[in-house]
Amino acid sequence: MRNRVTGQRRRGRNLAPMDEPTPPPSAAAPPDATPGATPGATPSVFPGAVSPDREYLLDAGGIGIAVHEWGSEQADPLFLVHGGFDFARTYDVFAPKLAAAGWRVVSWDQRGHGDSEHAALYSWDGDLRDAMAVMDSITQYPAPVIGHSKGGSLMIQLADAQPFRFSHLVNLDGIPYKRRIPDVSEHERTRMAAGEITGWLDHRRSTATSQRKPGTLEELARRRGRMNPRLPFEWLCHLVTVGAFESEDGWRWKIDPSMRFGGFGPWRPEWTITRLPGLPMPFLGILGREQEEMGWGTLPHHVYPYLPLGGRCEVLEDVGHFVHIEQPDVVAGMVLDFLEASGASGANRGAA
Amino acid sequence: MSDVTMLTHNRVQLALHHLSEGTGRALLLLHGLGEASPVVVPAWAAAWPGPVRALDFTGHGRSTVPAGGGYSAEIMLADADAALAALAEHGPITVVGRGLGAYVALMLAGARAADVRGAVLCDGPGLAGGAIGPTSQSFVALPPRELPPDPYALFELSRDLRPPDYATLFVRLALDSGLDEPIAVAAKVRPPWLAAVAEEVGVLNATVDEALATFAAV
């Protein structure tokens, strides 16, 4: 799996393949960086944001997957899985807090996202195989896994199918429940489906030549803000600097333009939650009380009946879908307490 | 060897085979899972008066085999939609599908009801598909194969979910074509999704010959 990636279609930064890791920056950590974060990380304009210590491309069955790591390479690994239309660098504040506690934090850009290769095909199974490739390249032993939104839902399915990979599972507002479809007649529901399907097909007819819309850094941040209304503008600007690329006519998000919100298919969101009760590893769910466009609309009373034995679901009041971005200290503390309480300590292991 | 037009669907080149010419509505053939398009007009389609075309799905025949898998029946639908767009000069089309292609033909007839005058669903590889609900299936990485079909296509499209109520949605959508019976089921074997389809209003149960004769006359 750790083969050199060749013939990559790269946009923006050029990541080295696995056998040529990006050397850690030599600059000292900025004064406003996370206390205890790995020395030598690149300064960022956003307070607390720390660039990864190592970034490289992994060949996952012919798709170049960009892997980002924070913390000592000798520490025990902990995996972070991002949500749909996000990328690993959205953990720039959250991940260093876990690394500071002694974990080797490993995240990756899902295919078509961030610095990973744009693929011809995207699917849930494809994302799961890419996740397996990253995990296999890091460890053969069970490790803690934290997933946000779509990443959380993906990891519920992988934990159900391949529990041997997971020592713990933390789900950050990523438990799908029923779609929020208004109460409409069957006839009207069919018409709504027709609109979704033809809209998607029309989009597919244009993807061969489509590009993301260019703009200034601030314009991209404002566009993202329409989907992330609770997040600070300065954070959204930071996301542009790591999740977009600049060319002659402006900045564009790196995400594959063939991808779009919505879509259709036979999968029903509520099926994911039925996998929860059987999970054998310690489980912690963290939900934000405030509902947002990018969230699943799942409420605590939806989750409680499906919790696995010993599992917990905590709710953060006045927090939206991006719990780890709105409250990075609180969520990192909850995660570290959860790992500590069930016998896992990256700090102790990392020192070995 | 038939003439072939290469169509672009996102990053994939799709082979559309020109099996015969004619006057009137085009007939589009969709192959089964793991198959490729025929290179001559099948005997059962010889009487079709219009041009006959056949599409190689992604990962099959002369179409691109992409890296990393990620197949779904919906992506195959978008493949078929690329062929539909390429045949627009002939007006609405009639579509015949074998196995996996039958499922895709049904979806195309529903998704593009105004542009499809009849879909014939036939037996063939990949007809059953996967389960009708959540399963305990695991996930594996597959070694590449030198020649098509793509192993990921075989693996993923043989287990894609096919809930009956999802399939019947496309029958209801196909009724917008204006035909009283826009779908014809010619398959002898009827997995749950197809059994449900066959029971819907607007579905004709007929042989391939009968179905093609019916659709050629509308």
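How many residues of chain A are in contact with how many residues of chain B? The contact joins 34 residues of chain A to 33 residues of chain B. The views below come from a predicted model: local features need pLDDT of at least 70, side-chain atom pairs count only at pLDDT 80 or more, and totals for chains, interfaces and linings use all residues. Residues are numbered from 1 along each chain as its sequence is written, and chains are lettered from A and ligands numbered from 1 in the order in which they are written.

**View 1. Chain A meets chain B.** Two residues are in contact if their C-beta atoms, placed from the backbone, lie within 7 Å. On the chain A side, α2 (124-138) and α4 each supply at least two residues. The largest share, seven residues, comes from α4(A). Helices (H or I, at least four residues) and strands (E, at least two) are DSSP runs, numbered from the N terminus. This side has 18 nonpolar, eleven polar and five charged residues. Ala, Val, Leu, Ile, Met, Phe, Trp, Tyr, Cys and Pro count as nonpolar, Asp, Glu, Lys and Arg as charged, and the others, Gly among them, as polar.

**View 2. Helix α4 of chain B is mostly covered.** The helix spans residues 164-174, and nine of its eleven residues are buried. A residue is buried if 20 or more other C-beta atoms, placed from the backbone, lie within 10 Å of its own. Among the buried ones are B:Y166, B:F170 and B:R172. The buried residues pack against α4 (186-204) of chain A. In chain B they pack against α2 (100-111), β7 (183-185), α5 (192-198) and β8 (203-205).

**View 3. Helices α5 and α6 of chain A pack together.** Helix α5(A) covers residues 217-227, and helix α6(A) covers residues 233-243. The angle is about 115°, with the axes 8 Å apart. Axes are lines fitted to C-alpha atoms, for helices over the stretch in contact, and angles run from 0 to 180 degrees between N-to-C directions. From α5(A), the residues in contact include A:L217, A:L220 and A:R224. From α6(A), they include A:F233, A:L236 and A:V240. The residues of this contact divide into eight nonpolar, one polar and two charged.

View 4. The assignment, automatic or from a database, gives domain 1 (16-178 + 264-350) and domain 2 (186-253).

Technical notes:
A residue is buried if 20 or more other C-beta atoms lie within 10 Å of its own, exposed if 12 or fewer, and partly exposed in between; C-beta atoms are placed from the backbone.
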